[in-house]
Amino acid sequence: MVKHQPLQVYEKQVFVSFVTGIYGCRWKRYQRSQDDSSRWECTWFIILCSSFLLLLFWAYFWLVAQNDFNEFNWSVYNRSGEWRDETIPILASTTVGFSYITFLLILALFHISLGQQLNLFWVHKIGVLATLLTTISGVVSVDDIWGDEWDILLVSLQSTAPFLHIGALATVTAFSWLVAGYVVRRERSNFQVLVLLIYVIIFLAVCLAPLTFTCPCIMDRHSLRPRPDIIGRRGAPMLAPENTMVSFNRALQQGATSLEADVTISVDGVPFLMRDRTLRRTTDVNKVFPARQSDDAALFNWTEIRSLNAGQWFLESDPYWTVETLTARDRSRIGNQTVCSLVEMLRLASRANSSALLNVRKPPPEHPRSRSWFMDTLWAVQKAGISPKRVRTVTWTPDTDRGRVRGLPQTTTEKLSLEEIRQRGITSLTLHYSKASHRDIQEYLANNVSVTVYPVNEPWLYSLLWCSGVPSVSSDAPQVLRKVPYPIWLMSQYAYGFIWISSDLVSIAIVIGIFCFQNYHMIRWRMSGMQTYNPEQIMLSAMVRRSSRDVNIMKEKLIFSELNNGLGSSEELSLYPENGYARYSHGGLSH
């Protein structure tokens with residue numbers, strides 16, 4: 001006779017009901033199943049995991065791309081002709097989508113850990129597909145509009161890789177519980193071996209990932225170079241309208257040691273400051289000269305340009321969400337700003353004993369100053385009374401024009417070899433941060449070539465370039481970088497090596513412990529004979545005695561499930577009649 005466990009009474013499973021109810025709308029016990037999930041549901045689980053990974057990548061991209069939000073909005077403006085902050089709907093939709101997919105994935109993992117069958121509700125399937133397709137369309141659109149920005153991902157890893165490694169290691173370690181449960185608690189199969197092999201490969205790859213890291217801030221703190229100088233790029237455009245006198249004053253107040261401006265030459269030969277090709281975005285040209293609002297800014301004379309308001313647009317559009325922080329006096333001053341001339345900006349720089357970096361745009365061929373624009377710029381420098389050595393010019397094109405400019409230090413935004421730099425007579429480089437690798441910066445500095453990196457608006461990027469030894473950075477946010485007195489993190493090679501090896505060893509020990517625990521638990525479970533019990537037996541409590549009709553029905557359900565499973569001729573189910581239970585034997589059912 002085989003002795004079976006006493007009948008048990010169902011207990012409430014609030015957590016299981018919560019998990020299966022939200023994930024698959026299966027709130028009742030009879031709706032749930034512990035059978036293997038179908039291939040269709042496994043496919044949906046793979047889609048859910050893929051959506052999570054894509055959204056994780058997408059969210060990380062926008063997190064580090066905050067450094068260039070202004071550049072993104074400007075790129076959209078150049079295509080659409082309308083200025084608006086396009087990052088807000090993107091960030092909002094990304095936050096909602098990522099939270100939703102993460103929540104569903106957590107529920108799915110709970111299903112797996114609890115042995116519940118996966119059965120994603122059809123509404124969630126529609127939501128997952130909608131989120132996945134929206135994210136894919138966003139990736140494609142950004143690649144079309146802002147394709148160069150993908151480089152920031154590799155740049156950011158130089159700062160975040162050590163921390164991402166710890167997070168990835170913790171995640172892979174936690175997943176060992178699910179992998180061990182799947183591999184240990186089932187009959188051996190080739191697929192299980194494949195799952196275990198894939199997990200081991202991923203685990204080892206994560207453990208050894210730091211071998212591929214290049215992090216400038218992993219260095220001896222005694223080798224740290226002086227703090228990079230901050231150049232006010234178009235002044236302080238987050239605090240005041242770009243390329244205006246109030247913006248340049250704000251930049252100097254926020255600790256900028258130099259000023260950067262975009263220079264355009266008017267029809268009558270007056271250099272003025274304007275970033276865009278037209279005057280539409282930053283002036284009221286649509287009101288003063290509505291028929292010419294799409295004309296090139298260089299085709300206006302200085303009198304016409306000076307009559308335009310260059311500050312009201314900032315108060316109305318609030319491009320950086322900073323207008324509310326301004327006082328009434330500041331708003332009044334900003335609202336009365338006009339287009340700034342190059343002479344005014346250089347005189348301000350001279351009074352503040354700072355230098356200037358000029359991005360001069362060559363006029364179109366039909367412009368009357370198309371051949372003498374460089375002389376107009378030189379005239380403005382001389383008129384301002386600033387030392388020519390304190391004025392650097394960017395992108396003088398063609399090279400024949402560069403040779404005609406004497407006495408001004410010249411720089412370029414091209415990444416050139418040392419030989420090309422000497423041949424062109426360039427004294428410094430102004431490079432985008434995506435082109436300024438740590439190795440290149442060290443090589444340039446070793447050969448007395450100064451490097452300025454742009455745009456640098458976030459503390460993590462400023463800290464990274466500080467560790468790389470960059471002498472100066474060009475920033476739209478000098479007020480932010482001013483609050484970075486030291487790199488965000490700095491660690492010696494020995495200290496990081498210790499953290500890396502220690503975290504790997506701890507993770508390996510935990511994974512081995514989880515596999516051993518799962519294996520030991522499975523051995524005891526099999527030896528106890530519990531693997532022969534169906535869900536009705538497992539979900540009843542032997543400690544509770546009830547005589548209700550529901551309990552009796554459950555007892556009969558257990559008995560007939562045993563009959564259907566087919567007991568051997570010598571098997572007997574003893575249900576202890578002295579406790580009010582029925583008895584089953586090979587010959588039949590007795591009470």
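Trainee: What does the side chain of serine 370 reach at 3.1 Å?

Mentor: The side chain of serine 370 reaches the backbone oxygen of histidine 367 at 3.1 Å. A word on the model first: it is predicted, with local features needing pLDDT of at least 70 and side-chain atom pairs counting only at pLDDT 80 or more, while totals for chains, interfaces and linings use all residues. Residues are numbered from 1 along each chain as its sequence is written, and side-chain values use heavy atoms, with hydrogens and water left out.

Trainee: Why is serine 370 called buried?

Mentor: The relative accessible area of serine 370 is 18%, and buried means under 20% (exposed is over 50%, partly exposed in between; 1.4 Å probe, protein chains only). Serine 370 therefore counts as buried. Its place is in the loop between strand 5 (355–360) and helix 14 (373–384); helices (H or I, at least four residues) and strands (E, at least two) are DSSP runs, numbered from the N terminus.

Trainee: How do you know that strand 9 is largely enclosed by the rest of the structure?

Mentor: Strand 9 (residues 450–454) has 5 residues, and 4 of them are buried, so the strand is largely enclosed.

Trainee: In which sense do strand 8 and strand 9 pair, and over how many bridges?

Mentor: Strand 8 (residues 428–432) and strand 9 pair in the parallel sense over 5 bridges, where pairing takes at least two bridges found by DSSP. Leucine 429 has valine 451 of strand 9 as its bridge partner. Strand 9 and strand 10 (residues 472–475) pair in the parallel sense too, over 2 bridges. There, valine 453 is partnered by valine 473 of strand 10.

Trainee: What kind of peptide bond joins tyrosine 454 and proline 455?

Mentor: A cis bond, with omega about -25 degrees. Proline 455 sits in the loop between strand 9 and helix 18.

Trainee: Is asparagine 448 buried or exposed?

Mentor: The relative accessibility of asparagine 448 is 72%, so it counts as exposed. Asparagine 448 has a positive phi of about 60 degrees although it is not a glycine, and its place is in the loop between helix 17 and strand 9. Arginine 234 also has phi near 60 degrees, but at 6% relative accessibility arginine 234 counts as buried. Look for arginine 234 in the loop between strand 2 (229–233) and helix 8 (245–253).

Trainee: What makes the side chains of arginine 275 and glutamate 71 a salt bridge?

Mentor: Their N to O distance is 3.2 Å, and a salt bridge needs a side-chain nitrogen of Lys or Arg within 4 Å of a carboxyl oxygen of Asp or Glu. The pair therefore qualifies. The two residues are 204 residues apart, arginine 275 lying in the loop between strand 4 (271–273) and helix 9 (285–288), and glutamate 71 in helix 3 (residues 69–80). Both count as buried, arginine 275 at 10% relative accessibility and glutamate 71 at 16%.

Trainee: Which parts does the pair of glutamate 242 and arginine 281 tie together?

Mentor: The closest N and O atoms of glutamate 242 and arginine 281 are 2.8 Å apart. Glutamate 242 lies in the loop between strand 2 and helix 8, and arginine 281 in the loop between strand 4 and helix 9, so the pair ties together parts 39 residues apart in sequence. Glutamate 242, at 9% relative accessibility, counts as buried, and arginine 281 is buried at 6%.

Trainee: How many salt bridges does the structure hold?

Mentor: It holds 18.

Notes:
Polar contact = N/O pair within 3.5 Å; in protein donor to acceptor, adjacent residues only side chain to side chain.
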